[in-house]
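Please read them with the structure open.

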Amino acid sequence: MTLPKLLSMLNEVATMHKKHLPHDLLSNFRLSTGFLVGLLTFIATGTITAVWANPLFTRMTAIGWWELPALVIVALLAGIFAAIRTPACSTKEVSLGGLASFLGIACPTCNKILMLIFGGEALLRWFDPVRPAVTVIGMGLLVVAIWSEWQKRHLSVPTAYLAGDM
């Protein structure tokens, strides 16, 4: 295959790709939505988990060195997912990832759900040491949801086109 033919084919794929997708990935609306979702995730989760002092919630255990960076990463992943998502796709992965990340970042003794499941002593002895791992698993699920959305949105049209199905 010659270079001009390859470039022509890639141009056709790009044109076909844009023609069949309802929204361009980098549209201003999608970027704004992603930014707002990420910002709101950062503010809401950080406030509820009391990563910073606030009048609404008081944290009974000190935050770990990893919790604020983890919160930033979770907010970025939520914003990326919101920017590329299609309705009703990958919601299971993003929901589980968000929940796991929240449980990992949240104050272990303040979380009523965890307190009911483990009890106070067991919570600090058994769950608190694995909170970073729970957070990383949650982030992994968010990455899986983003990857799944990316595959559904951006690889389906070119793959079908290259296979001659269009």
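1. This is a predicted model, so confidence comes first. The protein chain has a mean pLDDT of 78, and 72% of its residues reach 70 or more. Confidence is lowest in helix 1 (residues 3-20), where the mean is 56, and highest in helix 3 (residues 67-84), where it is 92.

2. Two stretches call for caution. The pLDDT is below 50 over residues 19-23, a stretch that has seven contacts in the model beyond near neighbours in sequence. The pLDDT is also below 50 over residues 156-166, and here the model has 18 contacts beyond near neighbours in sequence. Where pLDDT is low, the predicted coordinates should not be read in detail.

3. Helix 2 covers residues 28-48, which is 21 residues. At 1.5 Å a residue it should span 30 Å, and its end C-alpha atoms are 30 Å apart, so the length agrees with expectation. Its buried residues are Arg30, Gly34, Gly38, Thr41, Thr45, Gly46 and Thr47. Just after helix 2, Ala50 takes a positive phi of about 55 degrees.

4. Helix 3, with 18 residues, reaches 26 Å from its first C-alpha to its last, close to the 26 Å expected at 1.5 Å a residue. The buried residues of helix 3 include Glu67, Leu71, Val74, Leu77, Phe81 and Ile84.

5. Ala75 is found in helix 3. Its relative accessibility is 6%, and because the cut-off for buried is under 20%, Ala75 counts as buried. Leaving aside residues up to four places away in sequence, Ala75 touches Gly38, Thr41 and Phe42. Ala75 and Leu39 are 36 residues apart in sequence, yet their C-alpha atoms are 6.8 Å apart in space.

6. The count of aromatic pairs comes to one. Its members are Phe42 and Trp52, whose ring centres are 5.2 Å apart. Their planes meet at 45 degrees; planes under 30 degrees apart would count as stacked and over 60 as edge-to-face, so this pair is tilted. Phe42 lies in helix 2 and Trp52 in the loop between helix 2 and helix 3, 10 residues apart.

Definitions and conventions
Residues are numbered from 1 along each chain as its sequence is written. This is a predicted model: local features need pLDDT of at least 70, side-chain atom pairs count only at pLDDT 80 or more; totals for chains, interfaces and linings use all residues. Side-chain values use heavy atoms; hydrogens and water are left out. Helices (H or I, at least four residues) and strands (E, at least two) are DSSP runs, numbered from the N terminus. The expected span of a helix is 1.5 Å times one less than its number of residues. Buried means under 20% relative accessible area, exposed over 50%, partly exposed in between (1.4 Å probe, protein chains only). pLDDT is the predictor's confidence in each residue, from 0 to 100. Contact means heavy atoms within 4.5 Å. Rings of Phe, Tyr and Trp (its six-membered ring) pair if their centres lie within 6.5 Å; planes under 30 degrees apart count as stacked, over 60 as edge-to-face and the rest as tilted.
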